[in-house]
Amino acid sequence: MRESPEVLVSQVLEPGEKILWTGRPHVEVSLEEHARHRRQRMVVGIGALLLVTPWLLSKTVFPSFSEVFAEVGLEPRFVVPIVVVLAVMILPRVFKIDPKSRLDRYFNSLTYAMTTGRLLILEGDKIREARTPEEIRAPVIRERAPGFADVNFDERDLHGDHGGKIRDPVARERRLAGFKALPNAQEMKLRIEDWVEGYQDRAAREVADFVDGVAARGK
C-alpha cells in the first residue's frame with residue numbers, strides 16, 4: 001500500500017522544517033489532456049494510412065506469398081502496412097511503455113508539499129524538486145480540466161540539449177515545476193504568494209533588527 005503524503009514528506013524534512021500542506025495530483029485529470037492528443041493522433045494516423053495504402057498497393061510486391069494470401073482474399077501489399085501500424089499502436093501499450101502508461105506511472109509517483117522553508121515535489125520517496133521562496137517565480141495557474149488546474153512556479157527551456165523540442169511526455173511535464181491537477185488551484189496560488197510574502201517580511205525584519213543592533217552597539 002502506498003504511504004500517505006505526510007509520511008513520505010516527513011522522511012525528507014530538514015532539521016527544524018515543518019509541514020504546512022501536502023497533496024497529490026488528480027491522476028485521471030492529469031492524463032486526460034494526453035488522451036485527447038492521442039485520439040487526435042490516431043485519427044491523423046488512420047487518415048494517413050488510408051492515403052498511403054493505394055501507393056503501397058502499387059509498390060509493394062511479395063510474389064512468394066501472393067497466392068497464399070489471395071486464397072483468403074488478402075494481398076500482402078495490403079496486409080503488411082496494416083500489421084505494421086497495428087503493431088506500432090498496440091505493442092507499446094501491451095508492454096506498458098507507451099506515453100499514457102509512462103505518464104500514469106509518473107503522476108502516480110508524485111507527492112507535493114509546502115513546508116516552512118521549501119516547496120517540494122517528490123517522485124516516489126525521493127525529492128525531485130525543492131524550491132525556497134527566493135528560488136521560485138510568481139505562481140501561474142494553467143487549467144487542466146474544468147475545476148482542475150496546475151500551479152506552476154518554475155519553467156525550464158522547452159528545448160533539449162541539441163536545440164530540438166522535447167518530445168518525451170514525462171520530460172515535458174517535468175519542464176514545468178509545480179503542483180499539478182489540483183481542485184483548489186486558485187487557493188493554492190494565494191497560499192504560495194502568502195508563503196513568499198511571509199518569508200520576505202521575516203527577512204526584512206531580520207535585516208532591520210541587525211541594522212538596529214549595529215547602530216546600538218556604535219553608540
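Visitor: Which element gives the most to the lining of the largest cavity?
Guide: Happy to start there, keeping in mind that this is a predicted model. The elements that each supply two or more residues to that lining are strands S2 (110–115), S3 (119–123), S4 (126–131) and S7 (176–182), together with helix H6 (169–175). With four residues, the top contributor is S7.

Visitor: How many residues of that lining are charged?
Guide: The largest cavity has 13 lining residues, and those nearest its centre are Tyr106, Ile121, Glu129, Arg174 and Leu176. Glu and Arg both count as charged, whereas Tyr, Ile and Leu count as nonpolar. Over the whole lining, six residues are nonpolar, one is polar, and the charged ones number six.

Visitor: What is the volume of the largest cavity?
Guide: Counting cavities of 30 Å³ or more, the model has one. The space inside the largest cavity is about 70 Å³.

Visitor: Which element has the largest share of the largest nonpolar core?
Guide: Good one! This core holds 24 residues, with Leu119, Phe153, Phe179, Met188 and Ile192 making the most contacts inside it. Two or more residues come from each of helices H2 (27–59), H5 (99–108) and H7 (185–218), and from each of strands S2, S3, S6 (148–155) and S7. The largest share is five residues, and it belongs to H7.

Visitor: Which residues is Ile192 in contact with, leaving aside neighbours within four places in sequence?
Guide: Ile192 is among the core residues with the most contacts inside the core. Beyond those sequence neighbours, its partners are Met114, Leu119, Ile136, Pro139, Val151, Phe153 and Phe179.

Definitions and conventions. Residues are numbered from 1 along each chain as its sequence is written. This is a predicted model: local features need pLDDT of at least 70, side-chain atom pairs count only at pLDDT 80 or more; totals for chains, interfaces and linings use all residues. Side-chain values use heavy atoms; hydrogens and water are left out. On a 1 Å grid over the protein atoms alone, a cavity is a set of points where a 1.4 Å probe fits but cannot get out, and a pocket is an open set with protein on both sides within 12 Å along at least five of seven lines; lining residues have an atom within 4 Å of a point. Grid points are joined across faces, edges and corners, and a volume is the space filled by probe spheres set on the points. A nonpolar core is a set of buried Ala, Val, Leu, Ile, Met, Phe, Trp, Tyr and Cys residues joined through side-chain atoms within 4.5 Å. Buried means under 20% relative accessible area, exposed over 50%, partly exposed in between (1.4 Å probe, protein chains only). Contact means heavy atoms within 4.5 Å.
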